[in-house]
Amino acid sequence: MSMKTNIYENFEFFTFDSFEQSGLVKHCFTSRIGGTSKPPFDSMDLNIREKSYRNDIKSNFEILARALDTKLKNFTSSDQIHKDIIWNVKEKDKGKGILFPSDIEEVDGLITNQKYIALITYYADCVPLFILDPVKKAIGLSHAGWRGTVKGIGIKTLDKMKDEFDTDPADCLIGIGPSIGECCFEVGLDVVDEIRNKFDNWEKYCKIKSEDKYHVDLWNLNKDQFMGSGVKEENITISEMCTKCLGEKFYSYRRDGHPTGRMAAVMMLI
């Protein structure tokens with residue numbers, strides 16, 4: 001496993017060694033273990049949009065904040081809708097989407113170079129992309145489902161960091177977090193056509209399983225896009241944890257259908 005398992009109280013979460021060793025950030029990808037949510041959302045559900053059990057969600061966020069030694073008021077989230085828009089989070093954005101409604105709408109990528117702003121994005125199979133520029137001291141988080149991956153949400157987040165912070169991709173560390181793996185991500189020809197139309201080497205990522213079904217490798221599709229943008233291969237870590245396979249650790253929309261809970265990717269400069 002290429003991520004470290006951590007336990008705070010009963011809450012289990014995962015971190016990238018390279019990010020921890022930088023000493024510049026606190027970060028994690030959450031599991032479903034160690035919260036207060038009742039079945040079928042047991043127990044660390046962070047689906048902030050769910051209103052019917054709001055108190056459980058708030059309690060879970062408080063556990064997450066304590067685990068990262070921060071406050072709820074420092075978290076900022078957006079309205080993820082599988083687009084490729086990136087938002088530069090400022091001090092005035094703190095608390096949006098957590099403590100009060102967010103006006104950061106139709107955004108799937110968040111960046112900042114300001115300390116003590118905890119960026120947060122949500123998952124139940126899609127790919128979390130962590131970006132750390134240790135030279136310019138800036139961070140980015142991207143929510144990459146297959147649509148976001150095809151649109152290049154990860155490299156567009158990196159491009160936004162170039163524009164805003166003068167980030168050099170060669171300096172950056174990338175973490176590709178727990179998400180649905182090629183083993184379980186079965187799609188039809190409509191999805192494969194989207195990938196084929198965007199990537200000349202599409203067959204590297206799409207393995208045929210039957211006449212009209214393929215398995216798609218989103219992990220390496222994102223990795224190769226980062227490398228094409230100048231990120232060094234040795235600076236990219238893939239978690240290699242499939243959210244659909246590991247039902248005891250993760251929620252999965254593909255496995256559980258609707259409704260299901262949400263995990264979160266979190267990162268904050270310190």
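K223 counts as buried, at 14% relative accessibility. Buried here means under 20% relative accessible area, exposed over 50%, and partly exposed in between, with a 1.4 Å probe and protein chains only. The model is predicted, so local features need pLDDT of at least 70 and side-chain atom pairs count only at pLDDT 80 or more, while totals for chains, interfaces and linings use all residues. Residues are numbered from 1 along each chain as its sequence is written, and side-chain values use heavy atoms, with hydrogens and water left out. K223 lies in helix α6. Helices (H or I, at least four residues) and strands (E, at least two) are DSSP runs, numbered from the N terminus. Leaving aside residues up to four places away in sequence, K223 touches I176, E233, I236 and I238. Contact means heavy atoms within 4.5 Å.

An open sheet of six strands comes next. Its order is β5-β6-β9-β8-β10-β14, and its pairing is mixed. Two strands pair if DSSP finds at least two bridges between them. The edge strands are β5 (86-88) and β14 (236-238), each of which pairs on one side only. On average, neighbouring strands of this sheet are turned by 15° against each other, direction ignored. Axes are lines fitted to C-alpha atoms, for helices over the stretch in contact, and angles run from 0 to 180 degrees between N-to-C directions. Within the sheet, β6 (residues 109-112) and β9 (residues 138-144) pair in the antiparallel sense, over four bridges. G109 has S142 in β9 as its bridge partner.

Helix α4 (residues 153-165) packs on this sheet. The helix touches β5, β6, β8 (127-133) and β9, and its direction makes about 155° with that of β9. The length of α4 agrees with expectation, because its 13 residues should span 18 Å at 1.5 Å a residue and its end C-alpha atoms are 18 Å apart. The expected span is 1.5 Å times one less than the number of residues in the helix. The buried residues of α4 are I153, G154, T157, L158, M161 and F165. They cover an arc of only 145° around the axis, so they sit on the same side of α4. The arc is that of the directions from the helix axis to the C-beta atoms. What covers these buried residues includes β5, β6, β8, β9, α3 (146-151) and α6 (218-228). D166 follows α4, and its phi is positive, near 65°.

L110 belongs to strand β6. At 0% relative accessibility, L110 counts as buried. The C-alpha atoms of L110 and K160 are separated by 9.5 Å, although the two residues are 50 apart along the chain.

A second open sheet has three strands, in the order β11-β13-β12, with antiparallel pairing. Its edge strands are β11 (186-187) and β12 (206-210), and each pairs on one side only. Four bridges join β12 to β13 (residues 213-216).

Strand β3 (residues 25-30) has five of its six residues buried, so the rest of the structure largely encloses it. Strand β2 (residues 11-15) runs antiparallel to β3, and two bridges join them. F13 stands opposite T30 in β3. β3 also pairs with strand β15 (residues 263-269) in the antiparallel sense, over five bridges. There, H27 has M267 in β15 as its bridge partner.

M268 also has its place in β15. This residue is buried, with a relative accessible area of 3%. M268 and H27 are 241 residues apart in sequence, yet 6.3 Å apart in space, C-alpha to C-alpha. Residues up to four places away in sequence aside, M268 touches L24, V25, K26, L68, T70, Y116, I117, A118 and I139.

The cysteines were also examined. A search of the whole structure finds zero disulfides, a disulfide being a pair of cysteine sulfur atoms within 2.5 Å. C183 is in no disulfide, and the nearest cysteine sulfur, that of C245, is 3.7 Å away. The sulfur of C245 has its closest cysteine sulfur in C184, at 3.5 Å, which is too far for a bond. C183 is partly exposed, with a relative accessible area of 47%. C245 is partly exposed as well, at 48%.
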